[in-house]
Amino acid sequence: AGLVLSGSGFCEFESFQARAGKPLIYFGALLAGAGLWMTTLRRRKQNFAERKQREHCMQLNAAWICLLADQTTLADLHDLHAISDNWARQSRRQVPEQRFWQESVDSDFQLGSEQLVRSLDQLYAQAAAAQLLLQDKVREVAAESDGELPVTPKKIKPADPDQVFVRWAEAEHSPELRARIQWTQLKKPTRAIEKVLSGLGRCSRLLDICRESIVFESVQGMHKCLLMLCEDETLDVLRVHNALIPGAECATGFRAVKVNLRFQSPAAYSLGVQGHICELLLLLKPFALILNEEQHAAYLDGLAINSKRSLRSLSHILASLNPLRHHSPSSPPPR
C-alpha cells in the first residue's frame with residue numbers, strides 16, 4: 001500500500017510539474033527579455049550622453065579658439081595665469097576641507113578645538129548661512145570689477161545676450177532687475193551624496209555646496225576680481241584653480257577660474273561659519289552663454305561616464321550620513 005501511495009504521489013508531482021513547467025519557462029523568458037531591454041536602454045542613454053558631451057566640448061573649444069585668436073585677450077590670459085600661479089606657489093597649503101570649531105568649555109566666547117565636518121546635515125546648515133555672506137561679497141566684487149550676474153530672461157529663448165546677464169552696477173538701482181537675478185541654489189543632496197560615493201570619501205571634502213558665479217565680458221575684469229579676492233582681509237582664499245591657461249588641455253572643454261574661499265569677517269564668526277568653504281566661479285561670457293540646464297546635465301552625465309574610480313569604504317559614508325552618531329571632542333575625526 002505504501003508503494004502504491006508513493007507511486008501515485010510521484011505521478012501527481014510529475015503531473016503538477018508538467019502543468020507548471022510552461023508558465024515557469026514563460027516567466028523566465030520574460031525576465032530575460034526585461035533584462036535585455038533595460039541593458040539596451042542603459043546603453044542608448046550612455047551613447048546619448050557621450051554624444052551630447054562631445055557636442056558640448058566642441059562648442060566650448062570653438063569659443064576658446066576664438067578667444068585665443070585675439071592677441072590682447074591672449075596677453076591678458078597670460079597675466080591671469082601669472083597671478084594664479086604666483087598665488088599657488090605662495091600658499092602651498094593642504095587640501096582644504098570643511099571644518100567647524102567647538103565652543104570652549106571654559107568660556108562661552110572662546111572657540112575650542114577645530115574639527116572636521118562629519119555630517120551632511122551640519123554641512124548644509126553651514127552652507128545656508130554662508131550663502132548670505134557669499135551673495136553680499138559677490139555684489140561687492142562684481143560692482144568693482146564690472147562683473148555680471150545671470151538674470152531670468154523675459155523670453156523663453158532670448159536671442160539677445162544682454163537679456164541673460166546684467167551688471168550689478170545697473171541692477172543695484174533697479175528693483176526690477178534685482179528681482180530677476182538668479183542666485184545659485186545650494187547643491188542638491190542627491191548630487192552631494194553621489195560625489196562622496198564616487199571618490200571623495202567623506203563629506204568634509206565637499207567644497208561646492210555653497211557656490212556662486214560671476215560673468216565677465218573681458219579677461220581684465222576677471223583679473224581685477226581675482227586680485228580683489230586675494231587681497232581681501234575678510235576672506236581666506238584657500239585654492240585658486242585656473243583652467244584658462246593657453247596651451248593647457250581640458251577634457252570637458254569647460255574653462256573657468258575656480259576660487260575656494262571662506263569668510264573671516266565678524267559676521268562669519270557670529271554665524272559660526274568661519275570654517276565653511278565656498279566656491280566662486282569666474283566665467284567669461286562666451287562660455288557662460290553656452291552653458292544651460294541641458295548642457296549642464298550632459299556635463300554631469302559625462303563626468304559619471306568617465307569616472308572609473310572605485311567606491312571608497314562605506315563605513316566613512318555611513319558615518320557622514322548618520323547624524324545620530326556621537327564622537328567625543330577628544331577623539332580624532334573619522335578617516
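This is a predicted model: local features need pLDDT of at least 70, side-chain atom pairs count only at pLDDT 80 or more; totals for chains, interfaces and linings use all residues.

A residue counts as buried when its relative accessible area is under 20%. Lys187 is found between α5 (175-180) and α6 (189-200). Its relative accessible area is 8%, so Lys187 is buried. Which residues surround Lys187? Leaving aside neighbours within four places in sequence, Lys187 is in contact with Tyr124, Ala192, Lys195, Asp208, Ile209 and Arg211.

In soluble globular proteins, nonpolar side chains tend to be buried together. The largest nonpolar core in this model has 58 residues, and Ile214, Leu244, Val259 and Leu282 have the most contacts inside it. Helix α3 (residues 120-145) supplies the largest share of this core, with 11 residues. Apart from it lies another core, made of six residues, including Phe165, Ala256, Leu281 and Ala288. As for Val259, if residues up to four places away in sequence are not counted, Val259 touches Leu226, Leu229, Val237, Arg239, Val240, Cys278, Glu279, Leu280 and Leu282.

Finally, the helix packing. How do α3 and helix α7 (residues 219-231) pack? Their axes lie 9 Å apart, at an angle of about 135 degrees. From α3, Val141, Glu144 and Ser145 meet Gly221, Lys224, Cys225, Met228 and Leu229 of α7. The residues of this contact divide into four nonpolar, two polar and two charged.

Methods. Residues are numbered from 1 along each chain as its sequence is written. Side-chain values use heavy atoms; hydrogens and water are left out. A nonpolar core is a set of buried Ala, Val, Leu, Ile, Met, Phe, Trp, Tyr and Cys residues joined through side-chain atoms within 4.5 Å. Buried means under 20% relative accessible area, exposed over 50%, partly exposed in between (1.4 Å probe, protein chains only). Helices (H or I, at least four residues) and strands (E, at least two) are DSSP runs, numbered from the N terminus. Contact means heavy atoms within 4.5 Å. Axes are lines fitted to C-alpha atoms, for helices over the stretch in contact, and angles run from 0 to 180 degrees between N-to-C directions. Ala, Val, Leu, Ile, Met, Phe, Trp, Tyr, Cys and Pro count as nonpolar, Asp, Glu, Lys and Arg as charged, and the others, Gly among them, as polar.
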